[in-house]
Amino acid sequence: MKKQILIVEDERIVAADIKMSLQRLGYSVPGTAVSGEEAVKKAEKIRPDLVLMDIVLEGEMDGIEAASAISSRFDIPVVYLTAYADKKMLERAKVTEPFGYILKPFEDKELRSIMEIALYKHKMERKLKKTQQELIQSEKLAALGRFSSGIAHEIKNPLGIILGGSEFLEIKLSKVDSDVKTAIDKIKESTFRANTIVQDLLKFSRPSELKTERINPNDLIRETLSLFKYRTPLIEIKIKTHFAREQMYLDIDKNQMQQVFFNLLMNAIEAMPKGGAIMIKTYKMAPSESSLADKLCVIEVADTGEGISKKDLQRIFEPFFTTKRERKGTGLGLSMTKIIVNNHKGDLTMESKPGKGTTAKIVLPFH
Amino acid sequence: MEKKILIIDDEEDFCYFVKKNLEAISNFEIITATKGKKGIQIARKKKPDLILLDIMMPGIDGLEVLKRLKKNENTQNIPVIMLTAKDEDESKIKALGSFCDDYIVKPVENVVLKGKIHKVLSITK
């Protein structure tokens, strides 16, 4: 696919000339802008792969201000275009961390090399950022694991005493007063909840060994769905499946992967308190998505629920991050789900549109 | 005849509530010890019908207490249910095989505790 370039240049003749140059070089130019404000608006709408930005622009916002807004808000690389460059202007431009400068007038080959270097550099920076985030995440999980293993015993013992004490009071007092019985039930319920959190934490500290067997994911999904048969919320929720016709067998730990499907389905159900639909799909990855596509199986669980905001989506796999605190979520379910999928040499990603729904996508190698 | 249960656990409050609760919901006679060494002495002297034994205790831990109980001819036939606050102890307990009769992960509800005690007593009587 051709890379899309947005040109920001207040001289229309120059803009048209650059557009022709770029098209000759094999790029696509979906738009041009003549002011900083227009550039920001068009960048948001078009989401080009790169912005070629004239520094000196008429209007309130010059090229440097526009570039700063575009790169920070939309993560789009900017290459500056200028006819002259005084030291002060270059200093200002440098702060916005541009991906290159090109001095007017220029030749096609200069333009091409600067564009290609900028696009490559940006791709690598994105990759680096992703790896760094994953590294931080795994470091955090490792630290959490060590911590939780240490404190689990210290927490579970007092929980044992709280539960014992509550049940003692239940025996002694509940016949006297129903309010007391309710209070005791709430203490017990919270004790079990705290215990569940500790147990979930422990799963981080001891990622259990995989006991893999060769399984058709469609069969495992059907089996997991049968667990939901008698759950009341499903009355308002329709579950549809679209399974791959190809025979794809995965080497997976049945129990752990069932936990993954269960967690994703539960999340989907909880995202639709007023009802909706869940679509589960399995398919072989399209060749355009990866060079290894013919060996990768994709499993999607999509809901038509509330959706997740972009800000929340960035933190969705962080331990203890939850969007359903009022529904008593511990914030460990999705982090654990991702760990399980990663342990199977796969990946789990989430896409969401607020108000429209969320799709969880698992990619796993198959045989 | 009332069955005698010995609880060996360093958590004094845990022993207190288990004793109170089991006495309230069953006919067991409950004896408690908060140290491993003391527990062994009581087991030899009182010969309980069953022992609830915590694994992690300061001094002589539960596993060492179990070893000593099983070595002594006066106590070797007393069934033992191990108590643990750590899920990861489960593999250790399983490795004990016939040395222990069951195990319970804390926190535990009365009904579960009572059920396990009855089960072990009915098998080993």
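Me: Why does Lys345(A) count as exposed?

Reply: The model is predicted, and the label rests on a count. Lys345(A) has 10 C-beta neighbours inside 10 Å. The cut-off for exposed is 12 or fewer, so Lys345(A) counts as exposed.

Me: Where is Lys345(A) found, and what is its phi?

Reply: Lys345(A) is in the loop of chain A between helix H10 (333–343) and strand E11 (347–353). Its phi is positive, about 60 degrees, although Lys345(A) is not a glycine. Most residues other than glycine have a negative phi.

Me: What makes Glu97(A) partly exposed?

Reply: Glu97(A) has 13 other C-beta atoms within 10 Å. A residue is exposed at 12 or fewer and buried at 20 or more. The value 13 lies in between, so Glu97(A) is partly exposed. Glu97(A) also has a positive phi, near 50 degrees, and is a residue other than glycine. Its place is the loop between helix H4 (87–95) and E5 of chain A.

Me: How do you know whether Val78(A) is buried or exposed?

Reply: By the count again: 29 other C-beta atoms lie within 10 Å of Val78(A). The cut-off for buried is 20 or more, so Val78(A) is buried. Val78(A) belongs to strand E4 (residues 78–82) of chain A.

Me: Which residues does Val78(A) touch, not counting those up to four places away in sequence?

Reply: Val78(A) touches Val51(A), Met53(A), Ala67(A), Ile70(A), Ser71(A), Pro98(A) and Phe99(A), with residues up to four places away in sequence left out. Ile5(A) is 73 residues from Val78(A) in sequence, and the two are 9.8 Å apart in space, C-alpha to C-alpha.

Me: Which residues make the contact of H7(A) with H8(A)?

Reply: H7(A) contributes Leu220(A), Ile221(A), Glu223(A) and Thr224(A). From H8(A) come Lys254(A), Met257(A), Gln258(A), Phe261(A), Phe262(A) and Leu265(A). By class, this contact has six nonpolar, two polar and two charged residues.

Me: What is omega for the peptide bonds called cis, the one joining Lys104(A) and Pro105(A) and the one from Lys106(B) to Pro107(B)?

Reply: Omega is about -10 degrees for the cis bond that joins Lys104(A) and Pro105(A). For the cis bond from Lys106(B) to Pro107(B), omega is near 0 degrees. Most peptide bonds are trans. Pro105(A) sits in the loop between strand E5 (100–103) and helix H5 (108–173) of chain A. Pro107(B) sits in the loop between strand E5 (102–105) and helix H5 (110–124) of chain B.

Me: How many residues of chain A are in contact with chain B, and which helix supplies the largest share?

Reply: In chain A, 18 residues are in contact with 19 residues of chain B. H5 and helix H6 (178–205) of chain A each supply at least two residues of the side that touches chain B. The largest share of that side, 13 residues, comes from H5(A). Its classes are seven nonpolar, eight polar and three charged residues.

Me: What is the share of buried residues in chain A and in chain B?

Reply: Buried residues make up 31% of the 367 residues in chain A. In chain B, with 125 residues, buried residues make up 38%. Chain A has ten helices and twelve strands, while chain B has five helices and five strands. Along the sequence, chain B reads β-α-β-α-β-α-β-α-β-α.

Key: Residues are numbered from 1 along each chain as its sequence is written. Chains are lettered from A and ligands numbered from 1 in the order in which they are written. This is a predicted model: local features need pLDDT of at least 70, side-chain atom pairs count only at pLDDT 80 or more; totals for chains, interfaces and linings use all residues. Helices (H or I, at least four residues) and strands (E, at least two) are DSSP runs, numbered from the N terminus. Two residues are in contact if their C-beta atoms, placed from the backbone, lie within 7 Å. Ala, Val, Leu, Ile, Met, Phe, Trp, Tyr, Cys and Pro count as nonpolar, Asp, Glu, Lys and Arg as charged, and the others, Gly among them, as polar.
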